[in-house]
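Please read them with the structure open.

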Amino acid sequence: MPVRVGVVTFPGSLDDRDAARAVRIAGAEAVGLWHADPSLHGVDAVILPGGFSYGDYLRCGAIARFSPVMESVVAAARDGLPVLGICNGFQVLCESHLLPGALIRNRVRRFVCREQRLRIDDVTSVWTSAYRLGQEITIPIKNGEGAFVADAATLDRLEGEGRVVARYVDGNPNGSYRDIAGIRNAAGNVVGLMPHPEHAVDGLVGSGTEGLGFFSGILATPPAETAA
Amino acid sequence: MARVAVDVVLKAEILDPQGQAILGALARLGISGVSDVRQGKHFQLEVDGSVDDEQLAKIADTLLANPVIEDFTIRR
């Protein structure tokens, strides 16, 4: 039976279709999940896609946190369900306290949309396990509020525990502290990433295929083994 | 019913690019003497007697503000 990966659609999600397509290209089955439906429909993993959930009202991800589907996602994530939040999904994970820190407006005061070089700094998470430690990849980034911030003690802890999964190289696009592009939780099942691997999975239409590893890692690691 | 005001501002150590943009606009307006601008949010809540200070603090701390990056004040 194929691995089933749920992709949540919130009002204002933009990249749910691309995330579902990336899941299929990687060889898994994509299952659409709806913000108002608390059921996760028995999926093996969940992706929170990019976009502007609830119009980014109040703060990015702040309203989505209280949606029915997120109550189920938070509970399942704490039990070890693999969850990947991309861009707005990363913001939702921080607002939901599944990941520490917050994402604020870009230091450059502009929406940044370009291809971005990243270095994979942790391959123990289920979502980065398809990469080599230190591997550099190029995938698109597109955000207005993508600067990752946290207090120094939290940043030290993330780095000390090897929980920074990806860093910006060749230039920090948004002012993220310590060039952090993505982090994971202590157990390794929850990952938040600001750039967009789902837009780099198809050589014909996208920006190369170096984002595909974020979706194929889940296939190599049976979900049951990721629970911590 | 009573009106409660909640003000939310970014913590002092968090960079505020919007405030910096406003500061730049002030200079172009020809006004000098403003050395810093911090942009925040102002909420007005109409509450009845059943909402106590503890509940107001919960509202501000869990929804209106993100305590990782923001401070809030509540005024009844």
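The points below take the interface and then the pocket.

1. The model is a predicted one, and side-chain atom pairs are counted only at pLDDT 80 or more.

2. Chain A brings 15 residues into contact with 17 residues of chain B. Between them the two chains bury about 1,400 Å², and carbon and sulfur atoms give 63% of that area. On the chain A side, 38% of the buried area comes from Leu58(A), Arg59(A) and Arg109(A), more than from any other three residues.

3. The rule finds one salt bridge across the interface of chain A and chain B. Arg59(A) and Glu70(B) form a salt bridge through their side chains, at 3.7 Å from N to O. The distance lies within the 4 Å cut-off, so the pair qualifies. The side of chain A that touches chain B has seven nonpolar, two polar and six charged residues.

4. The largest pocket has a volume of about 410 Å³. Its lining has 25 residues, and the closest to the centre are Arg59(A), Glu145(A), Gln18(B), Lys41(B) and Glu70(B).

5. Which elements each supply at least two residues of the lining of the largest pocket? In chain A they are α3 (88-95) and β5 (102-104); in chain B they are β1 (2-10), α1 (17-28) and β2 (40-47). By type, the lining divides into twelve nonpolar, five polar and eight charged residues.

Note on methods: Residues are numbered from 1 along each chain as its sequence is written. Chains are lettered from A and ligands numbered from 1 in the order in which they are written. This is a predicted model: local features need pLDDT of at least 70, side-chain atom pairs count only at pLDDT 80 or more; totals for chains, interfaces and linings use all residues. Side-chain values use heavy atoms; hydrogens and water are left out. Contact means heavy atoms within 4.5 Å. Buried area is the accessible area (1.4 Å probe) that two parts lose on being put together, summed over both. Ala, Val, Leu, Ile, Met, Phe, Trp, Tyr, Cys and Pro count as nonpolar, Asp, Glu, Lys and Arg as charged, and the others, Gly among them, as polar. On a 1 Å grid over the protein atoms alone, a cavity is a set of points where a 1.4 Å probe fits but cannot get out, and a pocket is an open set with protein on both sides within 12 Å along at least five of seven lines; lining residues have an atom within 4 Å of a point. Grid points are joined across faces, edges and corners, and a volume is the space filled by probe spheres set on the points. Helices (H or I, at least four residues) and strands (E, at least two) are DSSP runs, numbered from the N terminus.
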